[in-house]
Structures are given as C-alpha cells and as structure tokens.
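Please have a look at the sequence and the structure on the screen, and then I will walk you through what I would like to discuss.

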Amino acid sequence: MSKINDWSKTINYSVHTLQYHLEYFYLFFLVPGLVIAFLFSNVTVQEFIENIILNPTVPWLMGRFEIVLLGVISVYLVYVVTQLLFDKKIGIAAAFLLATS
C-alpha cells in the first residue's frame, strides 16, 4: 500500500511542478516580440518601457497570439491522431468538439 501512496505523491508533485514551469512559456513569445517592437520604434529604452507600462497592448496581444496558435495546433493534432486511430469522420468530430469547447 505504501508503494501506491509514494507513486501518487510523485505524480501529484510532477503535475504541480509542470504547472509552475509552463508559466515561463510566455517568455518565448514575449521577449522576442518586445525586442522587435523596440527595434522598429525610434524611442529610447526609458520611453519604450514607459509606453509598455502605460499601454500594455503589445504584450497582451503576444500572449493572445500564443494561446490562439497553441489552440489551432492542438485541434489539428487531435484531428490527425483520431483520424489515424479511428476514421476521418471521428477525427472531424473530435476536432470540432475540441474547437468548440
């Protein structure tokens, strides 16, 4: 019985650890986007930081873009996997259910 409890604690710990590390995934989209936005603006670093603090549209849009991109990829992957495992109609139904949920 103790082996089952140890295994469940390990699974529970790894799920919580993964959850905390996924918060840093936004940095892959945020940092390059901010660097590109800064390079195409003709302002100083201080003015750029003040603009981002006063109007956080650019980081917000980059975060939304990431969510949309990952959502589209997951719908496509569900379609491909269920089409391979079952049938094309079931793949379309599974992708539709994921897209509308």
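Let me begin with helix 4 and helix 5, which cross each other in a right-handed way, and please keep in mind as I speak that what you are looking at is a predicted model. Helix 4 covers residues 57–85 and helix 5 covers residues 88–100, and the two pack at an angle of about 155° with their axes 8 Å apart. Because of that angle, helix 4 is roughly antiparallel to helix 5, given that angles over 145 degrees are counted in this way.

Staying with helix 5 for a moment, I would like to point out I90, a residue that belongs to this helix. Is I90 buried, partly exposed or exposed? Its relative accessibility is 42%, and I90 therefore counts as partly exposed, since that class lies between the 20% limit for buried and the 50% limit for exposed.

Now let me step back to the chain as a whole. How many helices and how many strands does the protein chain have? There are five helices and zero strands, and if you read along the sequence, the pattern is α-α-α-α-α. The protein chain has 101 residues, of which 10% count as buried.

Next I turn to helix 2, which spans residues 27–39, and to its two partners. With helix 4, helix 2 packs at an angle of about 135°, and the axes of the two are 10 Å apart, so helix 2 and helix 4 are oblique to each other. Their crossing is right-handed. With helix 3, which is made of residues 45–54, the axes come within 11 Å and cross at roughly 125°, which means that helix 2 is oblique to helix 3 as well. Here too, helix 2 passes helix 3 in a right-handed crossing.

With a relative accessible area of 43%, L27 is partly exposed. The C-alpha atom of L27 is separated by 9.2 Å from the C-alpha atom of G63, and these two residues are 36 residues apart along the chain.

Which residues make up the nonpolar surface patch? L27 is one of them, and together with V31, V35, I36, L39 and F40 it makes a patch of about 630 Å². A residue needs over 30% relative accessible area to be part of such a patch, and L27, at 43%, is partly exposed.

That is where I will stop, and I am happy to go back to any part of the picture.

Technical notes:
Residues numbered from 1 in each chain as written. Predicted model: local features only at pLDDT ≥ 70, side-chain atom pairs only at ≥ 80, totals over all residues. Heavy atoms only, no water. Patch = residues over 30% accessible without salt bridge, like charges linked within 9 Å, V, L, I, M, F, W, Y side chains within 5 Å. Areas by Shrake-Rupley, 256 points an atom, 1.4 Å probe, with all protein chains shown as cover. Salt bridge = Lys/Arg side-chain N within 4 Å of Asp/Glu carboxyl O. Helix = DSSP H or I, 4+ residues; strand = E, 2+ residues; numbered from the N terminus. Buried < 20%, exposed > 50% of the residue type's maximum accessible area, 1.4 Å probe, protein only. Axes fitted to C-alpha atoms, helices over the stretch in contact; angles between N-to-C directions. Parallel < 35°, antiparallel > 145°, perpendicular 65-115°, else oblique. Left-handed = near helix turned anticlockwise from the far one by under 90°.
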